[in-house]
Each structure stands twice: as C-alpha cells, then as structure tokens.
Amino acid sequence: MGKKIAILTAGGDCPGLNAAIRGVGKTAIVNHGMTVIGFTAGFSGLIRKEYVELDETKLSGILTLGGTILGTSREKPFKIEKGEAFNDKPGLIKKNYEDLGLDCIVCIGGNGSMKTAHLLSEEGLNVIGIPKTIDNDVFGTEITFGFDSAVEIATEAIDRLHSTANSHQRAMVIEVMGHNAGWIALYAGMAGGGDIILIPEIGYNINKVCREIEDRFSKGKNSAIVVVAEGIQKPDNISAASYIVEKIQQLTSIEARETRLGYVQRGGSPSAMDRILATRYGAYAAELIAKGEYGQMVAVHGGVLSAIPLEEVGGKLSLVDPNHPLITKARNMGVLFGDE
Ligand code: F6P
C-alpha cells in the first residue's frame, strides 16, 4: 500500500499554488502510488476535516491557474484569537490526521504557515513545508514562488507610468506589496527603471527624497518614478504611497500622483519561472515523503533544491540586505534609496 498524504494551502494566495499542488500530487501518485487528498481553506479544513480527493483528473488542467483550487485562509491553529472561545484545534488536527490515516501533510505557505507546520511536527505529525509568497520573505530559501509573477506585474505597471508621468511632468509614486520586506519594490523598481526606490530595510529621509525629485526636474527631466514598498516607515493612518505623495506636494513645487497596485500583484496566472519553481518544489516534497524525510521545508540555493529543518525556519524573515549587490549597482547608477 502506498502512503496517504494531504496537501493544504495557507495564508495569502499567490500565483503558482496550483502548480505546486499539481507537482506534489502528480509525483506522489504517478511515481510513488500514493493516495492524495487536499484540505480546503488552509488549516481551517484540517481542523474541520473538510477535504477533497485529489486524483490525476483533479490535478490536470490547473498548472496555469491563479489562486488555489483548495482555497486558503489565515487560520492559525495554535493561536487563540481575541474573543474566540477555547477550542483545542491542535487536538482536533491530530484526531483528523489519525482518523484519515495520513502519513504526511504538505503545508504550502509563507512564514506564519511554516511556523504552524513546525508546531504540528512537534506534536508528532509528519509535515513537509513548501514556501510560497509574492513577498519572497521566507527564511531558509533564496526564492519563493509567486515572487517572479508579482515582480512581472509590478514592472509592467511601472513601465506604463513612465509615459503618463512624462506627459504631465509629474512625480509618480507607485506602492507595491511585500509586507515588511522590500523585495518586490527592489526588483520591480530596478526592472522598471525607477528613479527612487524606498524599502523598509533602508531608512529614508523625506527631505532628501524631495530634494532629489526637484533636482531631477531642474536638470530638465520630465518625470520622477518613485517605487515604494508598503512596509516603509510612515504614520499609521495613511498608506505608504499617499504619505510620500503628500510630502512631495508639501515640500516641492512638483505635482505628484499615487498608484497602489494592491491585489493585482497576487492574482492571475503564474509566470513561467513560478510554474517551474512551484513544480520543482512540489515534486521534491513528494520525493522527501517517499523517503520518509519529514519535518522539513523544501528550499532552493543557487538553483539547487534542498531541504531545511522546519525548526530553523519558523518565526524568521528573509529581508533585503542593505548591501545587496543589486542595491550597490543601483546606487552606482544614481538610483536613490532615500538615505544618502
Ligand atoms: O503576504 C502577501 C501579502 O499580499 C502582503 O504583501 C500583504 O501585506 C498581505 O499579504 C495582505 O494580506 P491580506 O490578504 O490579509 O489582505
């Protein structure tokens, strides 16, 4: 008898989740004769024992689809939310795992989900983690799937802002996602030819940002493109883009406009690179299960797949190193990060 495994997708969705589900499921079924089910709505499905059978037919035709066929949620089974009645969710999970005769659960998620995956493995369950998120901030791997697609979408948006900014002689401020990390802003900012890139990892001085914008216009440039990560330092009651635009209007004579890309960065079909990465992660996860190597997250370093113990991942973030080579190259070309 082959093993019986379950897959779930947890946390914010991103392009490539279905490619990863397909990678795990098809490899498990075709190469190892396993039985595969999928819990719906992330850890909620695991608590409520709500699942679907995933056979080869269900896993076909989903490679290019955005979102997740299993649904997702922000459920954190080890956290009791304010006002929530006590409910032994970890206990329910263990019972469901045993009732269903599972050999392993594959948790596809970001930082929070990897922490939950680790806690579940400490409870004695066999768990494998697969890192996903547009933010690219999962510790222990060089890259998460979803990031490349989000960078593509943000880059296209920046490309389109150049012409309208030039026509109206404006400063255009575009806010991208990333939570507390500046990966999307850095990569899309560089790919889209941003003039100023503000990321949470590098403190900025708003006066310097404004001076740079004025300097550009005084040198005869017709526009300034400012790419800001949502997580930069700013007052609580205002978005990053609104704050920077407000300051540019107050401190310079330049007209400024904001664009907040929001959830379009998370939606739609994954890029080819994300399809490949998600498929590789999924297939590798199935191989680890076949070998009985549990309690690990799949990772990639220098293009090579590996596995890292979940206990080394949980609760940590992968942020942009302010001395990242791309930042050095950007600075050498005159791109401003607001700090010098
Ligand atoms: O982690 C992905 C992400 O899209 C972040 O970039 C963003 O801050 C957050 O999720 C938004 O979360 P929610 O889906 O809960 O609005």
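Four strands form an open sheet in the order S7-S8-S6-S9, with parallel pairing. Strands are DSSP runs of E of at least two residues, and helices are runs of H or I of at least four, numbered from the N terminus. Two strands pair if DSSP finds at least two bridges between them. The model is predicted, so local features need pLDDT of at least 70 and side-chain atom pairs pLDDT 80 or more, while totals for chains, interfaces and linings use all residues. Residues are numbered from 1 along each chain as its sequence is written, and side-chain values use heavy atoms, without hydrogens or water.

Strands S7 (196-198) and S9 (255-260) are the edge strands, each pairing on one side only. Neighbouring strands of the sheet are turned by 20° against each other on average, direction ignored. Axes are lines fitted to C-alpha atoms, for helices over the stretch in contact, and angles run from 0 to 180 degrees between N-to-C directions. S6 (residues 170-176) and S8 (residues 224-229) run parallel and are joined by six bridges. Glu-175 has Val-228 in S8 as its bridge partner. Helix H6 (residues 183-191) lies across S6, S7 and S8, at about 170° to S7.

Ser-239 sits in the loop between S8 and helix H8 (240-251). Ser-239 counts as buried because its relative accessibility is 13%, under the 20% cut-off (1.4 Å probe, protein chains only). Beyond four places in sequence, Ser-239 touches Glu-175, Lys-234, Glu-258 and Arg-260; contact means heavy atoms within 4.5 Å. Ser-239 and Arg-260 are 21 residues apart in sequence, with C-alpha atoms 8.8 Å apart.

Key: Buried means under 20% relative accessible area, exposed over 50%, partly exposed in between (1.4 Å probe, protein chains only).
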